[in-house]
Amino acid sequence: LTAMSGDLQTGPLTAEVDASFSDILDASDSLFGFAGRVEVGKGRWAGFVDGLYGNLGADDQSGPPAVGSVDVTSKLAVVDFGLMYRVWDAPADHADGRDHSIDVYAGGRYQNIDAEVTPAVFASREQSQDWIDPIIGARGIVQLGERFDLTLTGDIGGFGVSSDFTWSARAVLGYH
């Protein structure tokens, strides 16, 4: 459930974008995304790469007064990577050998945004930018019986390196 919020600038054109997931779903001519994660570990240590790609469009966003409304298309790629360390685990009842656990991690977040702004009265403008920020975070896994688990993950980053502040939060219900 992806949303867009903030100012989007391509060249001299700036559009104020405030589109919730339902706004994007209603006004979009494009809504496509996928995500995946690879994690490899031994003992208490693990490395991970976690990626997300989205192609979102929102029509009739507010542009500068002389321009009127604009259509916005944004392609976003985010790849998190890093090392994790398990700081706590405890056996779960009826969890087929899986444990409750808490992991902490540090790494980076690569982001690429390709934005296109199409005003009602001018030619469209497109711009692409990418950057990498440091991140720190934690993940907790709670076994909810023999077949289900709940994973909660959150991190913060940026710290003025490339972004002032970046964050991510995720809740995943898993079935085994």
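Leaving aside neighbours within four places in sequence, which residues is A46 in contact with? In this predicted model, where local features need pLDDT of at least 70, side-chain atom pairs count only at pLDDT 80 or more, and totals for chains, interfaces and linings use all residues, A46 is in contact with E39, V40, G41, G82, L83 and M84, contact being defined as heavy atoms within 4.5 Å. Residues are numbered from 1 along each chain as its sequence is written, and side-chain values use heavy atoms, with hydrogens and water left out.

The protein chain contains 1 helix and 9 strands, assigned as DSSP runs numbered from the N terminus (helices H or I, at least four residues; strands E, at least two), and from the N terminus on these elements follow the order β-β-α-β-β-β-β-β-β-β. Of the contacts between residues at least 6 apart in sequence, 52% join residues at least 24 apart.

Of the 176 residues in the protein chain, 32% are buried, a class defined by under 20% relative accessible area with a 1.4 Å probe, protein chains only. A46 also belongs to the largest nonpolar core, whose 5 residues are A46, F48, M84, Y105 and I135; such a core is a set of buried Ala, Val, Leu, Ile, Met, Phe, Trp, Tyr and Cys residues joined through side-chain atoms within 4.5 Å.

Q111 lies in strand β6, which spans residues 99–119, and counts as buried because its relative accessibility is 12%. Not counting residues up to four places away in sequence, Q111 touches A77, V78, Q129, D130, W131, D133 and T166.

Technical notes. Buried means under 20% relative accessible area, exposed over 50%, partly exposed in between (1.4 Å probe, protein chains only).
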